[in-house]
Amino acid sequence: QVQLVESGGGLVQAGGSLRLSCAASGRAFSRYAMGWFRQAPGKEREFVSAIRWSGGNTYYADSVKGRFTISRDIAKNTVYLQMNSLKPEDTAVYYCAVDLTNPYYSSRSAYDYWGQGTPVTVSS
């Protein structure tokens with residue numbers, strides 16, 4: 001099994017910043033990519049960002065491009081999401097996910113394991 005432990009969510013005012021982290025654990029843990037999704041109440045879970053584990057290629061949804069930055073620490077087996085210039089519409093539960101084999105980084109179905117989610121609330 002693969003387990004993902006997320007942290008860093010909370011309450012922040014519009015224009016502020018938060019840094020989410022996701023620590024992965026599991027033996028014989030290889031992966032294609034790790035990513036972040038988010039889900040607001042009453043809405044579908046949507047792609048936010050992803051990073052290729054071996055090459056470090058990064059991908060972003062248009063809604064967060066230029067404001068969010070995804071990164072990884074291979075030694076710590078951890079992925080981060082730095083969120084700057086936060087907007088109220090960024091309010092959602094943010095989920096970390098690992099894609100073991102699938103190249104379709106922006107699709108929910110490509111990911112094999114998910115974290116518990118960490119809530120982010122941006123007030124105006």
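Select Glu-46 and Arg-38: their side chains meet in a salt bridge, 2.7 Å from N to O. A salt bridge here is a side-chain nitrogen of Lys or Arg within 4 Å of a carboxyl oxygen of Asp or Glu. This is a predicted model, in which local features need pLDDT of at least 70 and side-chain atom pairs count only at pLDDT 80 or more, while totals for chains, interfaces and linings use all residues. Residues are numbered from 1 along each chain as its sequence is written, and side-chain values use heavy atoms, with hydrogens and water left out.

Colour the pair by accessibility. Glu-46 is partly exposed at 36% relative accessible area, whereas Arg-38 is buried at 5%. Buried means under 20% relative accessible area, exposed over 50%, and partly exposed in between (1.4 Å probe, protein chains only).

**The other salt bridges**

The count comes to four salt bridges. Next, select Asp-90 and Arg-67, whose closest N and O atoms are 2.8 Å apart in a salt bridge. Asp-90 is in the loop between E8 and E9, and Arg-67 is in the loop between strand E6 (58-60) and E7, 23 residues apart. Strands (E, at least two residues) and helices (H or I, at least four) are DSSP runs, numbered from the N terminus. Both Asp-90 and Arg-67 are buried. Now show Arg-38, Glu-46, Arg-67 and Asp-90 together: salt bridges that share partners join them into one network.

Move to Lys-65 and Asp-62, which form a salt bridge with closest N and O atoms 3.4 Å apart. Both Lys-65 and Asp-62 are exposed.

**The disulfide**

Select Cys-22 and Cys-96, which form a disulfide with sulfur atoms 2.1 Å apart; the cut-off is a pair of cysteine sulfur atoms within 2.5 Å. Cys-22 lies in strand E3 (residues 18-25) and Cys-96 in strand E9 (residues 92-99), so the bond links distant parts of the chain, 74 residues apart. The torsion about the S-S bond is about -80°, so the disulfide is left-handed. Both cysteines, Cys-22 and Cys-96, are buried. A search of the whole structure finds one disulfide.

**Aromatic rings**

Show Phe-37, Phe-47, Tyr-59, Tyr-105, Tyr-111 and Trp-114, which form one aromatic cluster. Rings of Phe, Tyr and Trp (its six-membered ring) pair if their centres lie within 6.5 Å; planes under 30 degrees apart count as stacked, over 60 as edge-to-face and the rest as tilted. Zoom in on Phe-37 and Phe-47, an edge-to-face pair at 5.7 Å centre to centre, with 75° between the planes. Phe-37 is in strand E4 (residues 33-39) and Phe-47 in strand E5 (residues 46-52), so the pair ties together parts that are 10 residues apart in sequence. Phe-37 is buried at 0% relative accessible area, and Phe-47 counts as buried at 14%.

Two rings carry a charge. Select Arg-31 and Trp-53: the charged end of Arg-31 sits over the ring of Trp-53, 4.2 Å from its centre. Then select Arg-45, whose charged end sits over the ring of Tyr-95, 3.8 Å from its centre. The test is NZ of Lys or CZ of Arg within 6 Å of the ring centre and within 35 degrees of the ring normal.

**An open sheet**

Finally, show four strands in the order E1-E3-E8-E7, which form an open sheet with antiparallel pairing. Two strands pair if DSSP finds at least two bridges between them. Strand E1 (3-7) and strand E7 (68-73) are the edge strands, each pairing on one side only. Six bridges join E7 to strand E8 (residues 78-83). Select Ser-71 to finish: Ser-71 stands opposite Tyr-80 in E8.
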